[in-house]
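Hi,

Here is the structure I promised to pass on.

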Amino acid sequence: MHYFSQAAFDLRLEWGMPAIAHLADDVDCIVIIDVMSFSTCVSVAIDHGARIYPYLRKDASAREYGEKRGAVTAHFDRRQGSAGYTLSPVSLRKIGQGERLVLPSPNGSAISCRARETGAAIFSGCFRNRTATAEACRHFQRVLLVPCGEQWPDGGLRPSVEDYIAAGSIIEAMGRESCSPESLAALAAWQHYRQQNPGLLAECSSACELHERGFGEDVALCLETDCSSLACRLYDDYYAEYLP
């Protein structure tokens with residue numbers, strides 16, 4: 001299915017795990033975008049000098065995985081943030097320099113685990129480090145941006161507008177000319193929201209879910225833009241600050 005590859009363009013975009021399965025073998029760099037909340041968690045943790053180990057399942061195997069790497073495993077339930085780390089970015093603002101944390105999630109983390117099998121350079125991007133991510137990606141010719149989306153109860157992909165618009169924000173910061181139509185559509189979406197009112201994303205479906213569960217502070221943190229100067233690269237099995 002070469003006609004889906006966007007191979008005529010240097011900058012490409014496709015959704016979720018299928019993007020890795022069908023487009024990732026022909027690129028030099030992959031940017032995984034899961035704004036609410038995996039990618040934001042990674043950025044917050046790395047700003048504090050920690051390492052994040054992505055893991056694809058929330059079960060006992062995640063803790064075993066962490067033990068083998070000398071890492072703590074985040075609580076699976078975000079409501080346990082007061083007792084430690086979770087997939088809540090707010091819970092990671094207290095993480096320390098040099099700490100190692102396994103962060104399981106079915107979206108950004110699982111896609112990270114699958115993407116590292118491709119041999120491409122892997123980055124985690126979000127609003128808060130969009131410019132830093134774009135600058136890191138300038139070192140690579142063929143770049144695939146992957147807005148992760150969420151999952152419906154039946155396991156199907158639910159495209160998430162915040163991931164799509166964050167991808168567009170990174171595309172703008174990269175300033176590339178050779179962009180696929182899929183990439184240009186995300187760019188246009190970001191430019192519309194930036195010009196109108198980026199705060200409108202606080203009312204998107206993912207944000208409404210977090211607000212209803214009592215995590216409005218996470219929403220505000222996830223929508224902060226360009227407050228981090230660090231790009232987050234996956235080195236073997238953990239994310240850390242990108243050092244070109």
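Let me begin with D226, which is partly exposed at 34% relative accessibility (buried means under 20% relative accessible area, exposed over 50% and partly exposed in between, with a 1.4 Å probe and protein chains only). Before going further, please note that this is a predicted model, where local features need pLDDT of at least 70, side-chain atom pairs count only at pLDDT 80 or more, and totals for chains, interfaces and linings use all residues. Residues are numbered from 1 along each chain as its sequence is written, and side-chain values use heavy atoms, with hydrogens and water left out.

**Salt bridges**

The side chain of D226 forms a salt bridge with that of R130 (3.2 Å, N to O); the term stands for a side-chain nitrogen of Lys or Arg within 4 Å of a carboxyl oxygen of Asp or Glu. Because D226 sits in the loop between α9 (216-222) and β10 (232-235) while R130 belongs to helix α5, the bridge ties together parts 96 residues apart in sequence. Helices (H or I, at least four residues) and strands (E, at least two) are DSSP runs, numbered from the N terminus.

In total, the structure holds 13 salt bridges. Another one joins R142 and D28, whose closest N and O atoms are 2.8 Å apart. R142 is in the loop between α5 (130-137) and β7 (143-147) and D28 in the loop between α1 and β2, so this pair connects parts that are 114 residues apart in sequence. Both ends are partly exposed, R142 at 27% and D28 at 26%.

D26 and R12 also meet through their side chains in a salt bridge (3.2 Å, N to O). Here D26 comes from the loop between α1 (16-23) and β2 (29-33), and R12 from strand β1 (residues 11-13), 14 residues away. R12 is buried at 2%, whereas D26 is partly exposed at 32%. Through shared partners, salt bridges join R12, D26, D28 and R142 into one network.

**Nonpolar cores**

A nonpolar core is a set of buried Ala, Val, Leu, Ile, Met, Phe, Trp, Tyr and Cys residues joined through side-chain atoms within 4.5 Å. The largest has 41 residues, of which V31, M36, F123, V143 and L145 touch the most other members. Helix α6 (residues 161-174) gives this core its largest share, 8 residues. A second, separate core has 34 residues, including V27, V42, Y85 and C148.

Best wishes
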